Amino acid sequence: MTGSEIDALIKYGATDKARRHLKRLGMKSRMRLLRDCIPNVNATTESLSFFKENFSREIGALMMAD
């Protein structure tokens, strides 16, 4: 799955499926996929709330690492 596919799932309201997929990945794979999702985090209010509720620590770590 790619970052744009995660964004599409969030737009269609399948946030449980997106969250489940991300949580099942190993840390290295999850961080790569979340890095792909960073441009889409602020795209909509749904995606912002999704990432804020579920992956705010990981996104914050990626932002600080850059």
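## Contact range

In this predicted model, 60% of the contacts between residues at least 6 apart in sequence join residues at least 24 apart.

## Secondary structure and dimensions

The chain contains 5 helices and 0 strands. Read from the N terminus, the order of elements is α-α-α-α-α.

A compact globule of 66 residues would have a radius of gyration near 11 Å, and the value for the chain is 11 Å, so the two agree. The C-alpha trace spans about 30 × 25 × 20 Å along its principal axes.

## Nonpolar core

Nonpolar side chains tend to be buried together in soluble globular proteins. Here the largest nonpolar core has 14 residues. The members that touch the most others are I6, L22, L34, F50, F51, F55 and I59. At least two residues of this core come from each of α1 (3–11), α2 (15–24), α3 (27–37), α4 (45–54) and α5 (56–65).

Which residues does I59 contact once its neighbours within four places in sequence are left aside? They are L34, I38, V41 and F51. Two of these partners, L34 and F51, are also listed with I59 among the core residues that touch the most other members.

## Burial, surface and charge

Of the 66 residues, 30% count as buried.

Charged side chains number 12 positive and 8 negative. The centres of these two sets lie 7 Å apart.

Terms used:
Residues numbered from 1 in each chain as written. Predicted model: local features only at pLDDT ≥ 70, side-chain atom pairs only at ≥ 80, totals over all residues. Heavy atoms only, no water. Core = buried A, V, L, I, M, F, W, Y, C linked by side-chain atoms within 4.5 Å. Buried < 20%, exposed > 50% of the residue type's maximum accessible area, 1.4 Å probe, protein only. Helix = DSSP H or I, 4+ residues; strand = E, 2+ residues; numbered from the N terminus. Contact = heavy atoms within 4.5 Å. Rg over C-alpha atoms; globule rule 2.2 N^0.38 Å. Lys, Arg positive; Asp, Glu negative; His and termini not counted. Charge placed at Lys NZ, Arg CZ, Asp CG, Glu CD.
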